[in-house]
Amino acid sequence: MKRIGIPQGLFYYYYFPLWKTFFMDLGLEVITSSNTTRQTMDRGIAVAVDETCLPIKVYLGHIVEIIQHHPDYLFVPRLVSVEQRSYICPKFMGLPDMVRALVPDCPPLIDITIDLSRNERVFNRDLMRLGQFLGCSKRAVQRALHHAEQELRFCQTLASQGGTMAEAIQVWEGQGVATQEEGDLHIGVLGHGYAIYDAGLSMNLVNQFRQQGCRVLLAEGIESQVIEERAASIPKRVFWTLGRRLLGSALHMDQRSDIDGIVYTACFGCGPDSIIGEIIQRYIKHKPFMFLTMDEHTGEAGLLTRLEAFCDMLRRRRNKDHEDNISPYGQPAYSLEDPVFRLETGGSCSTAHH
């Protein structure tokens, strides 16, 4: 049986159930790389050019790892668009060429073009060619694609119930996922799925918030129609599929009374992230907002400190009606009745010398 490798990076967290089902139905064995680790990142950095964004470096690290298992093919699609009138980052379009140029001893790539910006003609043509290459009939390819789409919708339904796509994939593959307890804070966490759902790249961001006593709302937990309506409220349409999804989710969260704060996670070197993050910062009016940037030098201790501080701020903000003049050391820093302080004419405060 021929084996095809699917790296555990980039759009793995959006479409892995679809592609695994599709290739298995066509008679291939699907193998994947392991979860992202520091070693994965180092492998990618070693082969990537300096200007490459962090998710691409991690993806290249997964490619280097999976090659060690000697697959017959690597699945690296040329991703242009997954919906009409919208596009994916240009780096995804050149990903097969990047892999061939940077990764030594690379096995043959299955690099079908996925471009649904106008219609599905190119995509269906490439699927038929792939089926012919694998010795499968047109009917077999159509059945496999129909089954794969069903499995993907099932995983998306699981994720919409409060989990991440990574957790939905674990459930889909028969692995257990720890149940999450209710928390006193409700935080919206936004970012590309290949950043926030990859525990190694994001340093387990979602679960870090859960451990801080937070319930986490993700874009998967918001209806697509709601996201599109909110994203359409800004003057110019965002033509990046993921960017528009994140913007619409942020604007929706900003209007919800049950959301205490919003966190946006960007990856260093990502052009769309830098623009969408800036737009979201300008349009968020009603909620505390924190912008996090991840790179290969980010440390877990520093990230955890920021998350703890953000959660503490949200809790103090909620209790602000019951607090006044609170010192960071747990007792009032001063009293207006203290003889050491007295108000002078003009509103300034001076110290009395004894």
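Residues 24 or more positions apart make up 70% of the protein's contacts with a separation of 6 or more; contact means heavy atoms within 4.5 Å. This is a predicted model, where local features need pLDDT of at least 70, side-chain atom pairs count only at pLDDT 80 or more, and totals for chains, interfaces and linings use all residues. Residues are numbered from 1 along each chain as its sequence is written, and side-chain values use heavy atoms, with hydrogens and water left out.

**Overview**

- The protein has 15 helices and 12 strands. Both are DSSP runs numbered from the N terminus: helices are H or I with at least four residues, strands are E with at least two.
- Of its 354 residues, 48% count as buried. Buried means under 20% relative accessible area, exposed means over 50%, and partly exposed lies in between (1.4 Å probe, protein chains only).

**The sheet with β1**

- Strands of a sheet pair through backbone hydrogen bonds, either parallel or antiparallel.
- Here four strands form an open sheet in the order β2-β1-β3-β5, and the pairing is parallel. Two strands pair if DSSP finds at least two bridges between them.
- The edge strands are β2 (29–32) and β5 (109–110), and each pairs on one side only.
- Four bridges link β1 (residues 3–6) with β2 in the parallel sense.
- Ile 6 faces Thr 32, which belongs to β2.

**The sheet with β7**

- Another open sheet of four strands runs in the order β8-β7-β9-β10, with parallel pairing.
- Its edges are β8 (214–217) and β10 (289–294), each pairing on one side only.
- On average, neighbouring strands of this sheet are turned by 25° against each other, direction ignored. Axes are lines fitted to C-alpha atoms, for helices over the stretch in contact, and angles run from 0 to 180 degrees between N-to-C directions.
- Strand β7 (residues 185–191) runs parallel to β8 and is joined to it by four bridges.
- Gly 188 has Leu 217 as its bridge partner in β8.
- Helix α13 (residues 241–255) lies across β7, β8 and β9 (261–267), at about 160° to β7.
- Helix α14 (residues 271–283) also packs on the sheet. It touches β9 and β10, and its direction makes about 165° with that of β9.

**Two helices that cross**

- Two packed helices are described by the angle between their axes and the distance between the axes.
- The axes of α6 (residues 121–133) and α7 (residues 138–159) come within 9 Å and cross at roughly 120°.
- Their crossing is right-handed. A crossing is left-handed if the near helix is turned anticlockwise from the far one by less than a right angle, and right-handed if clockwise.
- Helix α6 contributes Leu 127, Met 128 and Gly 131 to the contact, while α7 contributes Lys 138, Val 141, Gln 142 and Leu 145.
- By class, this contact has four nonpolar, two polar and one charged residues. Ala, Val, Leu, Ile, Met, Phe, Trp, Tyr, Cys and Pro count as nonpolar; Asp, Glu, Lys and Arg as charged; the others, Gly among them, as polar.

**Single residues**

- Thr 113 lies in strand β6 (residues 113–115). It counts as buried because its relative accessible area is 19%.
- Leaving out residues up to four places away in sequence, Thr 113 touches Arg 78, Val 80, Val 122, Phe 123 and Asp 126.
- Cys 106 has 25% relative accessibility, so it counts as partly exposed.
- Cys 155 has 0%, so it counts as buried.
- The structure holds zero disulfides; a disulfide is a pair of cysteine sulfur atoms within 2.5 Å.
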